Amino acid sequence: MLRVTEIFLSIQGESTHAGRPCTFVRLTGCPMRCTWCDSEYTFTGGEWLSLEAVMEQVRAFGCRLVEVTGGEPLAQREAFTLIERLCDAGYEVLIETGGYVSTEGVDARASLILDVKCPASGEEARNHWPNLERLRPDRDEVKFVIANRDDWDYARAVVTRYELERRALAILLSPVWGEVELREMADWIATSGMNIRMQLQLHKQVWGPEARGV
Ligand code: SF4
């Protein structure tokens with residue numbers, strides 16, 4: 001059984017897959033408490049569903065791209081089985097994970113979008129660094145959410161220290177909604193000399209920052 005907050009069809013709002021139709025399976029619960037978290041509603045509640053019930057809802061949407069997200073999806077052990085079942089069924093599977101839980105054991109057919117928590121999140125100390133060593137350059141992406149200049153300096157240092165330009169398919173820099181001057185951040189990225197990309201959360205621009213299930 002899995003504790004599930006919501007399953008819905010939308011467009012992918014982030015990563016190199018932004019703009020694509022995507023079914024989201026949002027699992028309940030997260031062991032972290034990022035200061036700027038925009039999915040606190042996933043911390044509690046949810047509905048217990050069997051794997052088969054989740055698969056049935058995913059099937060009903062008829063979309064070949066599926067993201068398993070949260071909360072922290074990998075905090076529920078059965079999520080690993082769900083990912084396997086989705087891959088077996090031929091879906092293209094994305095996993096959005098906060099970077100605290102080990103990604104070891106995630107089905108190799110799924111693609112990871114792995115967060116590295118920066119200092120302003122308050123959860124920097126919980127980054128599980130071996131996750132970065134498991135990134136695969138042909139499919140996995142790494143994401144830094146940036147709240148200020150310190151976060152940007154931190155992200156750059158991590159990219160260099162872990163040679164992420166070599167390890168990851170894409171390095172995503174995402175501003176905390178409403179906190180960073182976007183032009184300033186664009187300038188940091190433009191002048192970085194790094195192979196990184198700024199991303200804005202497409203779903204928030206379309207539906208607004210408070211909307212759920214989109
Ligand atoms: S890891 Fe994600 S869901 Fe968990 S507190 Fe941080 S932003 Fe929120």
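## Exercises on a pocket, a cavity and a ligand shell

Gly71 is a residue of the loop that runs between strand 4 and helix 2 (78-88), where helices (H or I, at least four residues) and strands (E, at least two) are DSSP runs numbered from the N terminus. The model is a predicted one, in which local features need pLDDT of at least 70 and side-chain atom pairs count only at pLDDT 80 or more, while totals for chains, interfaces and linings use all residues. Residues are numbered from 1 along each chain as its sequence is written, and side-chain values use heavy atoms, with hydrogens and water left out.

**Exercise 1.** Describe the peptide bond between Gly70 and Gly71, and list the residues that surround the ligand.

*Solution.* Begin with the backbone: the bond that joins Gly70 and Gly71 is cis, with omega at about 10°. Next, collect the residues near the ligand (one heavy atom within 4 Å of it); these are Cys30, Met32, Arg33, Cys34, Trp36, Cys37, Phe43, Gly71 and Lys117. Finally, sort this shell by class, which gives 6 nonpolar, 1 polar and 2 charged residues, given that Ala, Val, Leu, Ile, Met, Phe, Trp, Tyr, Cys and Pro count as nonpolar, Asp, Glu, Lys and Arg as charged, and the others, Gly among them, as polar.

**Exercise 2.** Locate the ligand and characterise the pocket in which it sits.

*Solution.* The ligand sits in the largest pocket, in the sense that more than half of its atoms lie within 2 Å of the grid points. On a 1 Å grid over the protein atoms alone, a pocket is an open set with protein on both sides within 12 Å along at least five of seven lines, a cavity is a set of points where a 1.4 Å probe fits but cannot get out, and lining residues have an atom within 4 Å of a point. The volume of the largest pocket is about 890 Å³, the space filled by probe spheres set on points joined across faces, edges and corners. Its lining comprises 45 residues, of which Glu14, Arg26, Asp38, Ser39 and Gln201 lie nearest the centre. Strand 1 gives the largest share of this lining, 3 residues, and by class the lining has 17 nonpolar, 13 polar and 15 charged residues.

**Exercise 3.** How many cavities of 30 Å³ or more does the whole structure hold, and which residues line the largest cavity?

*Solution.* The search finds 1 cavity of that kind, and the largest cavity has a volume of about 40 Å³. Lining the largest cavity are Gly99, Leu114, Asp115, Val116, Asn127, His128, Trp129, Asn131 and Leu132, with the largest share, 3 residues, coming from strand 6.
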